[in-house]
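Colleague: Could you put the model up and talk me through a few of its helices and loops?

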Amino acid sequence: MTPPWLLPAFVLVLGYLLGSIPFGLLLTRFTGAGDLRQIGSGNIGATNVLRTGRKGLAAATLLLDLLKGAAAVLIGAALVDGGGPMVGAMAFIGHCYPVWLRFAGGKGVATMMGVVTAMYWPAGIVFAVVWLGALFGTKWSSVGGMSAAVSAPIAMFAFGRIDLVPVSLALALIVLWRHRANIARLMKGEEPKVGSSKQKAATE
């Protein structure tokens with residue numbers, strides 16, 4: 001007899017492994033753009049891919065990181081009753097702390113957007129609007145990402161999806177933690193803006 005915990009455990013691990021696929025690193029390596037970890041901030045996210053000068057690769061990285069978060073939620077919901085949010089969260093953890101890269105992953109903003117959108121699409125729209133608005137309004141990629149992350153639990157609460165507030169809040173807090181170096185630079189007035197010749201911030 002199959003233990004009842006086996007399928008949920010398998011799906012959680014599957015979500016983590018899906019999220020841990022380093023698309024930015026793979027795309028830059030396969031297209032001859034070099035080892036992303038040796039470029040710019042060394043981060044594996046779309047912002048650092050953009051520092052290679054390959055805008056198309058950066059866009060593809062952003063899209064794939066978003067899609068893996070959304071896919072994890074959908075897979076979890078399909079295989080385990082109510083499993084979508086937790087499997088999505090595991091994909092997010094996988095992106096931030098991938099086993100393949102000794103747990104040194106990205107900041108998780110794009111993957112979080114995919115998770116949030118798949119859990120409840122109106123909150124995903126809020127996420128995207130806040131992300132773009134803060135990014136273009138301040139020219140700080142880190143501020144855009146952090147603002148978007150914080151908007152997710154607020155949007156879930158405002159829309160009455162109280163059940164999704166805990167997981168979205170947990171992801172937002174991890175995003176803030178992953179941006180702690182950026183926060184320190186912002187407080188010192190040393191955070192470079194997007195397009196700046198001094199832009200070396202480790203952000204996604």
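This is a predicted model: local features need pLDDT of at least 70, side-chain atom pairs count only at pLDDT 80 or more; totals for chains, interfaces and linings use all residues.

Colleague: Fine. How do α2 and α4 cross, and is the crossing left-handed or right-handed?

Modeller: In general, two packed helices are described by the angle between their axes and the distance between the axes. The axes of α2 (residues 23–30) and α4 come within 9 Å and cross at roughly 145 degrees, and the crossing is right-handed. Helices here are DSSP runs of H or I with at least four residues, numbered from the N terminus. The axes are lines fitted to C-alpha atoms over the stretch in contact, with angles from 0 to 180 degrees between N-to-C directions. A crossing is called right-handed if the near helix is turned clockwise from the far one by less than a right angle, and left-handed if anticlockwise.

Colleague: Which residues in α2 and α4 meet there?

Modeller: From α2 there are Phe23, Gly24, Leu27 and Thr28, and they meet Leu57, Ala60, Thr61, Leu64, Asp65 and Lys68 in α4, where contact means heavy atoms within 4.5 Å. By class, this contact of α2 with α4 has five nonpolar, three polar and two charged residues; Ala, Val, Leu, Ile, Met, Phe, Trp, Tyr, Cys and Pro count as nonpolar, Asp, Glu, Lys and Arg as charged, and the others, Gly among them, as polar.

Colleague: Is Thr61 buried or exposed?

Modeller: Thr61 counts as buried because its relative accessibility is 0%, and the cut-off for buried is under 20% relative accessible area, with exposed over 50% and partly exposed in between (1.4 Å probe, protein chains only). Leaving aside residues up to four places away in sequence, Thr61 touches Phe23, Gly24, Leu27, Ile44, Gly45, Ala46 and Val49.

Colleague: Then Thr111, where is that and what does Thr111 touch?

Modeller: Thr111 is in helix α6 and counts as buried at 0% relative accessibility. With residues up to four places away in sequence not counted, Thr111 touches Asp65, Leu66, Lys68, Gly69, Ala91, Phe92 and His95.

Colleague: Switching to α7, how many residues has it, and what do its buried residues pack against?

Modeller: α7 has 18 residues and reaches 26 Å from first C-alpha to last, close to the 26 Å expected at 1.5 Å a residue, that expectation being 1.5 Å times one less than the number of residues. The buried residues of α7 are Pro122, Ala123, Gly124, Phe127, Trp131, Ala134 and Leu135, and they pack against α4 (55–79), α6 and α8. Among them, Ala123 has a relative accessible area of 0% and touches Val116, Ala155, Met156 and Phe159, not counting residues up to four places away in sequence.

Colleague: What comes after α7?

Modeller: α7 is followed by Lys139, whose phi is positive, near 70 degrees, although Lys139 is not a glycine. Lys139 sits in the loop between α7 (121–138) and α8 (141–158) and counts as partly exposed because its relative accessibility is 41%.

Colleague: And what is the phi of Phe103?

Modeller: Phi of Phe103 is near 70 degrees, again a positive value in a residue other than glycine. Phe103 belongs to the loop between α5 (84–96) and α6 (109–119), and with a relative accessible area of 48% Phe103 is partly exposed.

Conventions. Residues are numbered from 1 along each chain as its sequence is written. Side-chain values use heavy atoms; hydrogens and water are left out. Helices (H or I, at least four residues) and strands (E, at least two) are DSSP runs, numbered from the N terminus.
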